[in-house]
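The sequence and structure are shown first.

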Amino acid sequence: MLLRPLSLALAAALLTVPAVAAAKAPADPGPPIEAILTSPPNVPPATNRHKPAKVVVHLQVIEKEMQIADGTTYTFWTFGGTVPGSFIRVRQGDTVEFHLMNDPTSKMPHNIDLHGVTGPGGGAASSFTAPGHQSQFTFKALNQGIYVYHCATAPVGMHVANGMYGLILVEPPEGLKPVDHEYYVMQGDFYTVGKYREKGHQDFDMQRAIDEKPTYVLFNGREGALTGDKALAALTNQSVRLFVGNGGPNLVSSFHVIGEIFDTVRPEGGTVEQHNVQTTLIPAGGAAMVEFHTEVPGSYILVDHSIFRAFNKGALAMLKVDGPEDKTVYSGKEVDSTYLGDMAGPNLHPVDVAAKAAAAGTLTVQDQIAAGKALFAGTCSACHQANGEGLASVFPPLAKSDFLAALSPDDLVAIPLNGHTGKITVNGKEYDSVMPPMSQMTDDEIANILTYVLNSWGNPGGHIAKDLVAKVRASTPRPAGAAH
């Protein structure tokens with residue numbers, strides 16, 4: 001009597017085995033899909049898939065010299081030839097076959113740590129790759145979110161500081177909601193032997209990096225990478241999604257878009273949403289998704305709101321919005337120079353031309369005038385005006401200035417370099433204001449601006465040499481900690 005129930009139980013168990021096995025059998029992922037990788041600020045299209053797939057990623061490491069600022073070059077170490085590296089987009093549940101190739105011209109071995117990978121080193125333990133070699137590993141994209149990837153080869157900080165970082169997006173199964181524009185923006189801090197905007201090739205400074213005192217803080221690896229004719233673009237009444245990363249290696253970013261409020265923020269790339277956010281913190285090695293809607297046209301400036309980084313280290317970008325005005329939302333006029341500084345113009349190409357001419361020993365006064373005009377537009381025109389007329393009773397005119405004409409070259413250089421306080425008389429009128437010292441500017445920048453002023457607006461002409469600025473700077477005592 002006891003055998004019958006046992007036999008029935010055994011039969012029932014045996015009948016359920018195939019059903020359980022079938023339920024656990026993985027769905028057929030179909031043929032492998034080659035991932036579409038994009039260079040910043042572009043983002044690959046949505047996956048638009050309703051099931052996981054096998055996705056193959058090929059990413060190449062390239063060490064290359066590129067401009068970090070106009071007239072200034074740096075040897076970047078890159079994923080895909082850009083800083084930040086190529087944007088990778090997959091779907092949650094995908095199986096990702098990852099191929100990392102290190103270009104034969106590289107001097108260093110490299111690997112990759114993807115924060116979206118569950119496994120030793122985020123893939124770093126499986127991807128150490130010598131120059132001229134390639135590595136392969138596979139991972140399952142288990143968690144949705146926007147994740148940083150970076151090189152993790154020793155010394156890790158140096159590899160990251162040289163630009164070896166990027167973003168990988170793991171879409172949720174249902175995908176992200178559609179928007180009109182998606183852009184890829186990533187902040188990084190850079191450490192050079194020369195000071196900010198010092199011309200020529202600059203080498204990495206390990207001690208500056210250890211001390212966490214960056215020369216540059218940049219979006220997308222170059223000063224002006226997203227300004228002027230390279231600005232991001234949208235139309236009024238459109239939705240914009242920014243994937244914003246922070247490669248570090250050291251600084252936390254206070255990301256802000258001047259003139260916009262983020263409708264939605266997914267801080268640190270997670271799934272919890274915040275709404276109506278003004279500024280969002282993005283840690284080093286972290287990322288965020290921010291979304292907003294454009295109402296009125298104009299230039300919207302992206303900054304790290306640790307504000308000296310924006311205006312004195314380069315952490316500044318631009319979104320240009322075109323379309324009809326809506327006076328019910330905003331009434332007033334756009335003044336780019338207030339926010340953009342010397343990034344207000346389409347570019348600073350004349351500065352680069354002058355720097356190359358100076359390095360070749362062929363610098364002319366006309367080269368200096370062209371470079372000085374570009375620099376003056378952002379550095380000086382807010383006070384002295386683009387036409388050199390100044391503001392009555394406050395900022396003295398530079399146009400047809402008898403005050404400037406009477407100064408010796410040394411005294412002329414000393415005013416922008418060291419500042420000026422107190423009353424002066426220009427063209428018969430008295431002015432009383434304070435000009436702060438511009439000693440953070442390089443010698444060639446001051447020389448070029450002054451050469452432009454001397455040869456503009458009816459002034460007598462002349463030429464200021466970089467060496468003269470250097471001499472005046474060296475002869476000026478400064479308290480400890482004063483700029484340069």
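Pro 409, Asp 410, Val 413, Ala 414, Leu 417 and Asn 418 of helix H10 are in contact (heavy atoms within 4.5 Å) with Leu 468, Val 469, Lys 471, Val 472 and Arg 473 of helix H12. By class, the residues of this contact of H10 with H12 are seven nonpolar, one polar and three charged. The model is predicted, local features need pLDDT of at least 70, side-chain atom pairs count only at pLDDT 80 or more, and totals for chains, interfaces and linings use all residues. Residues are numbered from 1 along each chain as its sequence is written, and side-chain values use heavy atoms, with hydrogens and water left out.

| Pair | Angle | Axis distance |
|---|---|---|
| H10 (residues 409-418) and H11 (residues 443-454) | about 120° | 11 Å |
| H10 and H12 (residues 466-474) | about 70° | 9 Å |

The angle makes H10 roughly perpendicular to H12, a class that covers 65 to 115 degrees. H10 meets H11 through Leu 412, Val 413, Pro 416 and Leu 417, which touch Ile 446, Leu 450 and Leu 454 of H11; this contact has seven nonpolar, no polar and no charged residues.

In helix H7 (residues 365-379), the end C-alpha atoms lie 20 Å apart, which agrees with the 21 Å that its 15 residues should span at 1.5 Å a residue. Its buried residues (under 20% relative accessible area, 1.4 Å probe, protein chains only) include Ile 369, Leu 375 and Phe 376, and what covers the buried residues of H7 includes helix H6 (349-360), helix H8 (381-384) and H11.

How values were computed. Axes fitted to C-alpha atoms, helices over the stretch in contact; angles between N-to-C directions. Helix = DSSP H or I, 4+ residues; strand = E, 2+ residues; numbered from the N terminus. Nonpolar A, V, L, I, M, F, W, Y, C, P; charged D, E, K, R; others polar. Expected span 1.5 Å × (residues − 1). Buried < 20%, exposed > 50% of the residue type's maximum accessible area, 1.4 Å probe, protein only. Parallel < 35°, antiparallel > 145°, perpendicular 65-115°, else oblique.
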